[in-house]
Each structure stands twice: as C-alpha cells, then as structure tokens.
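I opened my notebook to look up a few residues, one at a time.

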Amino acid sequence: MGYDPKKVIAVAEAEVGYLEKASTADLDDKTAHAGSGNFTKYARDLDAIKGFYNGRKQGVAWCDVFVDWCFVTAYGAEEGRALLCQPLKSAGAGCRHSRDYFKAKGRLFDTPQPGDQVFFWPSDRSDPSAVQHTGLVVVVDARYVYTIEGNTSSASGVVYNGGCVARKKYALDYARLAGFGRPDYGEVQPDAPLINAPLLWVGIVSTERDPLNIRAGGSLNAAVIGLAPRGARVEVLDILAPDGWVYGRCEGAQGYMSRQYLTPLEDMPAEPEGGDTPPGMWQVVNIFDSQAEAEAFAAEHGGTVHYNL
C-alpha cells in the first residue's frame, strides 16, 4: 500500500495564512482573534487523540504540531503517526525528538524530496543536539527547497515562533538545514502524477485579471490551495487529458490548474513595436528574478537570454 505525498502537501497548502490565536476562541478561523498565545486548532485536534502525544500541547510552540496535524489530517491518526516514525505518547511535538525518531528508523536524509519533514539548526550551535524549527517540503528544484511551515512568518530565513503558516524557500546549501525526515510512503499508485516528475513544458498564466486557482484536484469542485498570479511562470509536470487540467508548480505552490489559462512559453507574443527590448525579452523579465536564474534556465532548456540593463 502506498501513501501519496501530494495528499499531505495539499493539506498544508490549504492552511497557508493561518494565524495563531490569543486564546482558544475562534481556533478554526484562519485570521480571527490573532494573538501570541500559541493557541491553534492543530494542537486542539491532536490533544483530542488519546495517546498521540506525551501530554497536552495547546499553548506551546507549534511548528512541529502543525506538521503532525497535516499528516494526521491526510492519512488518519494511526497511519500519520507511523509515517512520522513516532510511537504512542510521543515527544514528537518537539523538533529535536521528531528528528531523532526519523534518525532511529534510518529515515533521516541530507537531500530533500517533496513530502519530507525538514529540520533546522538554531543560529547558535552551542548545543549540537538542539533543533529549532521544522516544516514540510513541498517542492524541490535545482537550487532551492520550498516549504510550508507553521509558527513562522514570510520573512526570509528561519523564523521560529512567528505565529503563522507560511511558504518559505531556502538554498539547498543553506547552513541551517538539519536534515530531512522521510516518511515511508511506499509505492504510490501508478496513475498519480509524480511530484518530482520531469518537466513537460513551461507556461505563463494568461488570465485576464484575476490569478489562476491552484486546486487540490482536477475539478472545479476541488479545494483551492494556492493562487498563480497573472503573468507567472508555471512548470507543468503532468497533463490530465482530455479533462483540460494540468498538474504543475508555481512560485512554490503545487497542484492542479486549468490548462485553458496557460499559454506555452514559446507561444507568447513578442513585445509590441516601439520597445527597446528584443522580441520575447519581456517573457524572461516576467519569469526570472535575476540574470543568473535566467542563464541557468537557458542552459538547461535551450534558448538565448537577452539583457535589458
């Protein structure tokens, strides 16, 4: 039996933007009653599962509780705990203990894959066993690991006890990466799109005004788990013909998008006459944040980079 890592990633995607609460009021509302009390629906739900932790966790730092909640929500309490390598009455709400559980099972790795639990060292390594923060790996490319983390913020770098669920990204050689706990997902069903599948093509979001919804499934009834802004670059990994949906990633989010609102990169029109930029240059500007990133893409996929400095 296999467990699809896309399922836990979709659960985490749907939680982006959640703010911790000042008390136990409005725990299920994403933004209401925000505060710094470390009160969350994640701790409430896991505290309600007899024997999941070694004690109640409401009101304490919750980055690891968030990851555990995502697994339990995706796969159930028993299966989720097994995937996290945790025993009954575990100390897995603590980052160091979670990392140790994976390590004891031989499931701690130096390189990431989507669906891994990522761990971070503190900036001060005076205690070599200390682990300060954790999150869920959602996308990996040649340069970065993209995550969704609880009790953080959208600021760059590791932010622990930041109070919200947010997307983050780190260079693969980031010094504070403390390893990747890899659940034993087993063999995923063969018809499921692979999260790290080869890139099929690159498209540009071509909606008229609004962003394109990224959904948990190939249907208008599926939950919206992210947004792809107009003009953004989408890497398409799988095409669900003839239903008109693709599975791809955009700006760290990954899921299903309607193909009719994606224009393949090679079909994008040239810049209108009168501009100083060579035809097609505006595509590169819209896609890449830096010259180095544009050159890396051109080297991998072919093409010429034009500069407008």
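My entries below go residue by residue, with a stop at one helix.

**Entry on the model.** I noted at the start that this is a predicted model.

**Entry on glutamate 13.** I looked up where glutamate 13 sits and found it in helix H1, residues 5-14. Is glutamate 13 buried or exposed? Its relative accessible area is 2%, so I wrote down buried, because the cut-off for that is under 20%. Next I left aside the neighbours within four places in sequence and listed what glutamate 13 touches: Ile148, Arg167, Ile225, Gly252, Ala253 and Gln254.

**Entry on helix H1.** I then asked how many residues of H1 are buried. I found 8 of the 10, so the helix is largely enclosed by the rest of the structure.

**Entry on aspartate 116.** This one is in a loop, between strand E1 (108-109) and strand E2 (117-120). Aspartate 116 has 1% relative accessibility and counts as buried. Which side chain does the side chain of aspartate 116 join in a polar contact? I found arginine 182, at 2.8 Å. Beyond four places in sequence, the contacts of aspartate 116 include Thr111, Gly135, Phe180 and Pro183, as well as Arg182.

**Entry on valine 202.** I placed valine 202 in strand E7, residues 201-205. Valine 202 counts as buried at 8% relative accessibility.

Key:
Residues are numbered from 1 along each chain as its sequence is written. This is a predicted model: local features need pLDDT of at least 70, side-chain atom pairs count only at pLDDT 80 or more; totals for chains, interfaces and linings use all residues. Side-chain values use heavy atoms; hydrogens and water are left out. Helices (H or I, at least four residues) and strands (E, at least two) are DSSP runs, numbered from the N terminus. Buried means under 20% relative accessible area, exposed over 50%, partly exposed in between (1.4 Å probe, protein chains only). Contact means heavy atoms within 4.5 Å. A polar contact is a pair of N or O atoms within 3.5 Å; within protein, one must be able to donate a hydrogen and the other to accept it, and residues adjacent in sequence count only if both atoms are side-chain atoms.
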